[in-house]
Amino acid sequence: MRPRAVITGGAGFLGSHLCERLLVEGYEVVCLDNFRTGRPANVAHLPEIGPFRLVRADVTDSVSVPGPVDAVLHLASPASPVDYLRWPIETLKAGSHGTLHALGLAQEKGARFVLASTSEAYGDPQVHPQPEDYWGHVNPVGPRAVYDEAKRFAEALTMAYRNTHGVDTAIMRIFNTHGPRMRAHDGRVVPTFIRQALSGQPLTVTGDGSQTRSIQYVDDLVEGCLLLLASRHPGPVNIGNPHEVTVGELADLVRRLTGSASPVEYVPRPQDDPSIRRPDISLARRVLGWQPRVQLADGLARTIKYFESVAAGG
Ligand code: NAD
Ligand code: UDP
């Protein structure tokens, strides 16, 4: 019998890659998505790879899947700052009601549960790099709170289901990830810079560009997630690439890799934008045997190729 996985938010950027990898690993996959930021086209090719079902559903209302389920991966949530600031209440509901419903499904089916949490749980960190036992520095009434606090609540709920109902749970704290199937206009820094560089527009660097991020390629994230799923570890576990760059350096790298003559344009920095971010991945190395394999420039080259092919109608 094939194992059966349910992925909420499976028609989004990360979800579509996870669905694909689970099919390759021999799973039957049920994808639940309301298409708020994802799209059916992201998963249209999957039935050719294995048994795949796409169901339009809003996890905020309910999560119900007939038949046995071995794994529940809960990704449904707007993820880009532009998206979650546009849908603040929906984001809070996806993290709270949505997580409650997804955990309920895992409890009902006796399935392992993986929560897609985030490095944003650390907020604007005062410890660097960030280990999992750092509690974070989040403004609970700032604009980003709708995402950060929803994920922190989701983590607390996940631990409560583990401790109260014995659900086999895991929390994965994902750091900035990029790759094919990101939307060119989702507002995140990598697709924005690539789109601007390829179209000859100025690259909009916020502030003076000295804030840092540590950016991983999607294949590394997928590998880390599968290892966490296969383990019994509860997490939280950081899954991210410790290679840290300033946003200004990232803009220069994208301009170099695209061969673009676009200038840099400095624009205002959003409120509460974290100044530094880098994962401590000692735990993932130790308990999962995981570490990122794709170098920053190699990963960016792949994502650039994807956006070039989309622009060319490929
Ligand atoms: P995405 O926007 O591409 O995917 C999110 C998916 O969830 C979309 O398909 C969207 O339609 C779906 N969705 C949203 N609300 C829903 C709801 N109420 N019911 C059903 N479906 C819903 O974003 P992504 O980058 O693929 O992120 C996926 C998950 O990973 C999110 O939970 C995000 O918080 C987390 N994450 C991503 C990153 C990253 O860098 N990509 C970093 C940290 C955490
Ligand atoms: N950023 C930028 N230009 C853009 C979009 C984002 O300089 O067009 C900056 C943003 O202010 C932040 C960093 O890039 O400092 C990463 O932003 P992103 O939205 O990708 O993710 P975050 O880590 O903030 O959630």
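Predicted model: local features only at pLDDT ≥ 70, side-chain atom pairs only at ≥ 80, totals over all residues.

Strand S1, residues 4-8, and strand S2, residues 28-33, run parallel and are joined by 5 bridges. At one end of that pairing, Arg-4 stands opposite Glu-28 in S2.

S1 and S2 belong to an open sheet of 7 strands with parallel pairing, and the order is S3-S2-S1-S4-S5-S6-S11. The edges are strand S3, 52-56, and strand S11, 237-239; each has a single partner strand, so one side of each is left without a neighbour in the sheet. From one strand to the next, the twist averages 20°.

Helix H4, residues 145-165, lies across S5 and strand S6, which spans 169-174, and H4 runs at about 160° to S5.

Next, the ligands. Which residues come closest to ligand 1? Of the 29 residues that surround ligand 1, the closest are Gly-9, Gly-12, Thr-37, Gly-38 and Ala-79. The elements giving two or more residues to this shell are helix H1, 13-24, together with S2, H3 and S5. H1 supplies the largest share, 3 residues. By type, the shell around ligand 1 divides into 13 nonpolar, 13 polar and 3 charged residues.

Ligand 2 has 15 residues around it, and Arg-188, Val-189, Thr-192, Thr-204 and Thr-206 come nearest. Here the elements with two or more residues in the shell are helix H5, 189-198, and strand S8, 203-206. S8 gives the largest share of the ligand 2 shell, with 3 residues. This shell holds 5 nonpolar, 6 polar and 4 charged residues.

9 of its 10 residues are buried, so H5 is largely enclosed by the rest of the structure. Among the buried ones are Val-189 and Thr-192, which are also two of the residues that come nearest to ligand 2. What do the buried residues of H5 pack against? Their partners are strand S7 at 177-178, S8, helix H7 at 247-258 and helix H9 at 296-311. After H5 comes Gly-200, with a positive phi near 75°.

That brings me to the backbone exceptions. Most residues other than glycine have a negative phi, and most peptide bonds are trans. Arg-181 has a positive phi of about 80° although it is not a glycine. Arg-181 sits in the loop between S7 and H5, and with 20 other C-beta atoms within 10 Å it is buried. Asp-272, also not a glycine, has a positive phi of about 65°. Asp-272 is in the loop between S13 and helix H8, 282-288; its 16 C-beta neighbours inside 10 Å make it count as partly exposed.

Then the cis peptide bonds. The bond from His-128 to Pro-129 is cis, with omega near -10°, and Pro-129 lies in the loop between S5 and H4. The bond from Gly-235 to Pro-236 is cis as well, with omega near 0°.

One more proline. Pro-263 is in the loop between H7 and strand S13, 264-267. With 12 C-beta neighbours inside 10 Å, Pro-263 counts as exposed. Its C-alpha atom is separated by 22 Å from that of Arg-183, 80 residues away along the chain.

To finish, the chain as a whole. The protein chain has 9 helices and 13 strands, and 47% of its 314 residues count as buried. A compact globule of 314 residues would have a radius of gyration near 20 Å, and the 19 Å of this chain agrees with that. Along the principal axes, the C-alpha atoms fill a box of roughly 55 × 45 × 35 Å. Of the contacts between residues at least 6 apart in sequence, 80% join residues at least 24 apart.

Note on methods. Residues numbered from 1 in each chain as written. Chains lettered and ligands numbered in written order. Near = placed C-beta within 6 Å. Helix = DSSP H or I, 4+ residues; strand = E, 2+ residues; numbered from the N terminus. Nonpolar A, V, L, I, M, F, W, Y, C, P; charged D, E, K, R; others polar. Rg over C-alpha atoms; globule rule 2.2 N^0.38 Å. Contact = placed C-beta atoms within 7 Å. Pairing = 2+ DSSP bridges. Axes fitted to C-alpha atoms, helices over the stretch in contact; angles between N-to-C directions.
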